[in-house]
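Here is a short report on one chain. It covers fold, annotated spans and surface patches.

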Amino acid sequence: MDDEVRKRREWSPPPPASPLLVVRSPRQTVSRLRNRRTRRNWDPPSRTPSFAARDHGPKPSEVYGFVGSITTVIATAVYLAWAYTPEPCLRSLGITYYPSKYWALAVPSFVIVAVALSMVIYMGLNFLTTPHPTSFSTVFDESSRERMTFSPAMEDEIPIEPISDISIAQINNLMFCDT
């Protein structure tokens, strides 16, 4: 019996037939690459703290996202179980303290109406803050730039014109002039 235990402890998997056919996890691959570097006396470049932090586990945002998604799934399952299970079945399971079934429809309805109203209020506030179409602030503001004109003597070396606004007179002339 001791021989069998010793054989189990000493047993190691047989070497693979070809190293090209071995499937390894990314961690094994990275550790093998690091071991190779240290064997060759290779000095890795100095690491930045953000790079070093990436080597030591998942980011907090990933953990929060995972926990949030799992919590959402569990909460949805509990909500659906409460909403669709008849009250006598809940009482037979020993669950006697729970909200009225009225709230199974009322809460989602309130949420949908609140989202719809918030969208309507948001659009309404945007309409209230937008200036009237006849206001000069829709044509000019503090960032408006007049177009620069260059002298005709510079015909050989006309520079690239800087960014500027097209005047309202020029736009009206282009859009409404028949000539």
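Buried residues (under 20% relative accessible area; exposed is over 50%, partly exposed in between; 1.4 Å probe, protein chains only) make up 2% of the 179 residues in the protein chain. The model is predicted: local features need pLDDT of at least 70, side-chain atom pairs count only at pLDDT 80 or more, and totals for chains, interfaces and linings use all residues. Numbering starts from 1 along each chain as its sequence is written, and side-chain values use heavy atoms, without hydrogens and water.

The chain has seven helices and zero strands. Helices (H or I, at least four residues) and strands (E, at least two) are DSSP runs, numbered from the N terminus.

UniProt, in an unreviewed entry, places the feature "transmembrane region" at two spans, 63-82 and 102-125. Such annotations may be inferred rather than shown by experiment.

Two surface patches follow. Patches are made of residues with over 30% relative accessible area and no salt bridge, joining like charges within 9 Å and nonpolar side chains within 5 Å. A salt bridge is a side-chain nitrogen of Lys or Arg within 4 Å of a carboxyl oxygen of Asp or Glu.

The nonpolar patch covers about 1200 Å² and includes Y102, W103, F110 and F127. W103 sits in helix 6. W103 is partly exposed, at 39% relative accessible area.

The negative patch gathers D141, E142, E146 and D165. E146 lies in the loop between helix 6 (102-129) and helix 7 (168-176). E146 is exposed, at 60%.

Notes. Accessible areas come from the Shrake-Rupley method with a 1.4 Å probe; for residues, only the protein chains shown count as cover. Lys and Arg count as positive and Asp and Glu as negative; His and the chain ends are not counted. The place of a charge is taken as NZ of Lys, CZ of Arg, CG of Asp or CD of Glu.
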